[in-house]
Amino acid sequence: MSDAVTNLEELKKLAPPVELQRAPVIEGNKGLGWLTDKLSVFAEGKTPLWWWILFLPAAFSATVIFPVCLFYQVFTGVGVWGNNHPVMWGLDIVNFIWWVGVAHAGTLISALLFLTKQHWRTTIGRMAEAMTVFSVMMAGLYPAIHVGRAWFDWFMFPIPNSNGLWPQFKSPLMWDVFAVNTYLVVSSLFWFMGMIPDFGVFRDRATTRVRKAIFSILAMGWTGSARQWHHYEKAYVVLCGLCTLLVFTVSSIVGLDFCTSQIAGWHATIFPLYFVIGAVFCGFGMMMVLLVPLRKWCGLENVITLSHMDKVAKLALVAGLVIDYIYAMEFFIAWYSGDTYERWVFGHRLFGHTYLYLGWTLIGINVCVTQLLWFKKIRSSMKALFIIGLLINIGMWCERFVIVVGSLYQEFLPANWGKYMPTIWDIGLYIGTLGAFFMLYLLFVKFLPVIAIQEVKGVMPEGDPHHPLGGAKKGGQS
Amino acid sequence: MSKNEAPKIYGLMAEFNTPGDLLRAAEKVRAEGYNRWDVFTPFPIHGMDKLMGLKNSLVGWVALAGGAFMFLNIAGLIWFANAFDYPLMVGGKPMFSAPMTFVPSYIMLIMGGALGALIGMLGINQLPRLHHPLLAKKRFALASRDKFIMVIGAEDEKFCATETKQLLESLGGANVDIVEEIA
């Protein structure tokens with residue numbers, strides 16, 4: 001160790017000036033052993049009070065409110081929701097798109113930023129993947145019960161049956177079934193594969209027999225040999241590439257559900273892109289909401305540094321600016337098309353009745369509040385980021401509502417006009433899914449490796465065999 | 001260290017403190033003519049696969065095979081379901097055409113590729129396995145922490161419990177120890 005320190009001093013002389021240096025991935029680094037302790041101690045230690053305070057309401061919501069609303073709806077029918085002619089897609093679809101959206105930023109952070117070799121992603125990648133997996137679970141539930149007769153869901157899968165019927169593959173709604181299921185499976189695999197070496201770390205650190213047994217099974221005999229790493233890295237790159245494709249595919253297909261219809265306000269080619277960017281924007285909001293408290297309470301402030309939060313905020317700003325551009329384009333095209341119905345729908349989003357508050361909320365948040373992220377002072381204030389993240393989620397939820405309901409409630413014929421108000425069961429189910437999401441997330445934070453230990457080690461100076469701390473100059477060059 | 005009635009030897013393990021040390025030791029071990037050896041590290045070490053002469057991993061091909069298999073299967077299924085077994089006319093569109101087939105097939109290509117990558121990785125690495133001789137060694141647990149461990153297998157033609165041990169020690173390996181084969 002002493003050699004390494006003297007080498008570090010030598011290195012400092014050769015290093016570029018301070019303002020040109022990159023922020024270290026981990027602050028206050030004290031070596032690989034320290035890092036291993038730091039990253040696994042939360043899952044091994046005593047459960048803190050804050051965890052219980054958050055977990056109990058989430059668990060109540062997930063295990064009481066959620067099943068009650070779910071079973072009542074399934075046993076009674078879709079009528080318990082506010083959905084009725086002409087608004088047949090209500091909160092169920094709004095929440096479906098919203099949850100899929102939350103998922104997307106997770107995959108973007110973990111997969112796309114891996115392919116572009118952003119080292120800072122190693123610290124938040126695992127948390128982002130977990131967010132993806134759990135929110136896709138919540139998203140997938142909605143279409144399954146939205147069909148009304150959930151026990152016929154298997155009709156959506158190409159299974160030979162006694163009716164001699166097959167799914168109709170020309171419909172994007174059918175593609176959605178494949179897209180969401182694939183997203184769930186692939187993001188879970190990606191999440192699990194990333195954790196295998198870290199399960200090995202937990203297994204090797206285990207002090208009790210039960211822990212040892214559980215993590216031995218999960219690690220599946222991982223030893224970390226060079227041959228294993230060789231194949232592992234290849235598989236990881238392949239999975240990252242495939243997951244990146246999914247970021248751009250799943251929400252595009254959800255967008256296609258809308259734009260292939262004839263409804264004014266939906267029938268636009270911009271929709272697939274619109275939904276992808278909106279999804280990513282919303283997901284970055286959720287990422288901020290999750291990261292700000294967790295980095296503090298789990299003692300990870302040196303790991304998920306201010307510089308990482310700054311980068312997340314910048315990405316959110318970029319996504320927000322693209323969204324703003326799309327809003328402008330949408331309104332412009334509605335006006336420029338000269339289509340009476342298009343103009344009517346878009347005019348009513350902001351100057352109509354019933355839903356104009358939601359329209360202005362989304363403009364206020366997604367267009368105005370997002371601009372605060374230009375300022376470094378805001379980006380380095382964790383409280384501000386938390387609040388902005390929360391607001392982005394609300395803004396995007398309003399946007400989904402305005403798109404879905406705002407286009408349906410006044411369509412072509414005035415005879416078809418109506419209003420939609422969510423009922424208590426709509427709202428209860430949403431609260432239930434939020435509870436289930438946070439319950440799963442808190443369980444993940446407490447019991448699984450929340451930071452990709454091996455990935456973080458790999459980007460440390462100690463991890464590079466040609467860096468002085470990695471040992472190359474120590475008697476090398478034989 | 002004489003080992004007569006003792007259990008069969010799996011190999012010799014030695015610890016190194018930095019990836020650089022390990023890389024240099026690996027170079028020497030390779031130059032000595034050993035070919036049944038492996039290193040165990042907390043994270044992948046760049047340059048090690050080249051040094052060990054590992055060829056491009058087959059995992060990519062397994063993933064490609066999985067993806068292609070799924071793609072063709074779903075495309076075939078769509079043809080069978082919507083054009084052959086129960087021809088379904090929707091909006092005057094052709095019974096079977098690329099735009100309707102591509103999206104679901106492509107989505108399932110991703111599924112097949114991902115399954116192929118994971119299963120391929122586990123299969124080629126011969127995982128899951130319940131036990132490994134190295135996992136019985138107490139100090140081996142440090143290989144997932146901050147030590148870089150090299151193991152020279154007893155199967156190697158050049159392996160000799162004493163000479164190999166001397167070699168590992170001369171390379172700077174600490175705590176050189178014999179790993180027993182599990183019965």
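This is a predicted model: local features need pLDDT of at least 70, side-chain atom pairs count only at pLDDT 80 or more; totals for chains, interfaces and linings use all residues.
The bend at a residue is the angle between two axes, one fitted to the seven residues that end there and the other to the seven that start there.

Most of α6(A) is covered, with 26 of the 34 residues buried. One residue of this helix is Arg203(A). A residue is buried if 20 or more other C-beta atoms lie within 10 Å of its own, and Arg203(A) has 23, so it counts as buried. Setting aside neighbours within four places in sequence, Arg203(A) touches Lys212(A), Phe215(A), Ser216(A) and Ala219(A). Phe215(A) sits 12 residues from Arg203(A) in sequence, and the two C-alpha atoms are 4.9 Å apart.

Helix α8 takes in residues 226-259 and reaches 49 Å from its first C-alpha to its last, close to the 50 Å expected for its 34 residues. There is a bend of about 30° in α8(A), at Leu246(A). With 27 of its 34 residues buried, α8(A) is largely enclosed by the rest of the structure. Helix α14, residues 382-408, has 27 residues and covers 39 Å end to end, close to the 39 Å expected. The bend in α14(A) is about 25° and falls at Val402(A). Like the others, α14(A) is mostly covered, as 20 of its 27 residues are buried.

Stepping back to chain A as a whole, the count is 16 helices and 0 strands. Its radius of gyration is 24 Å, close to the 23 Å that the globule rule gives for 478 residues, so chain A is as compact as a globular protein of that length. A box of roughly 85 × 55 × 45 Å along the principal axes holds its C-alpha atoms. Of the 478 residues, 51% count as buried. As for contacts in chain A with a separation of 6 or more, 80% are between residues 24 or more positions apart.

The peptide bond running from His85(A) to Pro86(A) is cis, with omega near 0°, and Pro86(A) belongs to the loop between α3 (49-76) and α4 (91-115). Met220(A) is not a glycine, yet it has a positive phi of about 55°. Met220(A) is in the loop between α7 (209-219) and α8 of chain A, and it counts as partly exposed, with 16 C-beta neighbours inside 10 Å. Thr354(A), also a residue other than glycine, has a positive phi near 65°. The loop between α11 (340-351) and α12 (356-368) is where Thr354(A) lies, and its 14 C-beta neighbours inside 10 Å make it partly exposed.

From the N terminus on, the order is β-α-β-α-α-α-β-α-β. Chain B has a radius of gyration of 25 Å, whereas a compact globule of 183 residues would be near 16 Å. Its C-alpha trace spans about 80 × 35 × 30 Å along the principal axes. Chain B is divided into domain 1 (9-42 + 146-180) and domain 2 (59-124), and the C-alpha centres of these two domains lie 47 Å apart. In chain B, 44% of the 183 residues count as buried. Residues 24 or more positions apart make up 82% of its contacts with a separation of 6 or more. Chain B has a cis peptide bond too, joining Leu127(B) and Pro128(B) with omega about -10°; Pro128(B) is in the loop between α4 and β3 (148-153).

Finally, the two chains meet: 60 residues of chain B are in contact with 58 residues of chain A. On the chain B side, α1 (19-31), β2 (37-40), α2 (48-51), α3 (59-85) and α4 (98-124) each supply at least two residues. The biggest share comes from α4(B), with 14 residues. Sorted by class, this side of chain B has 38 nonpolar, 13 polar and 9 charged residues.

Technical notes
Residues are numbered from 1 along each chain as its sequence is written. Chains are lettered from A and ligands numbered from 1 in the order in which they are written. Domain bounds come from an automatic or database domain assignment. Two residues are in contact if their C-beta atoms, placed from the backbone, lie within 7 Å. Helices (H or I, at least four residues) and strands (E, at least two) are DSSP runs, numbered from the N terminus. Ala, Val, Leu, Ile, Met, Phe, Trp, Tyr, Cys and Pro count as nonpolar, Asp, Glu, Lys and Arg as charged, and the others, Gly among them, as polar. The radius of gyration is taken over C-alpha atoms; the globule rule is 2.2 Å times the number of residues to the power 0.38. A residue is buried if 20 or more other C-beta atoms lie within 10 Å of its own, exposed if 12 or fewer, and partly exposed in between; C-beta atoms are placed from the backbone. The expected span of a helix is 1.5 Å times one less than its number of residues.
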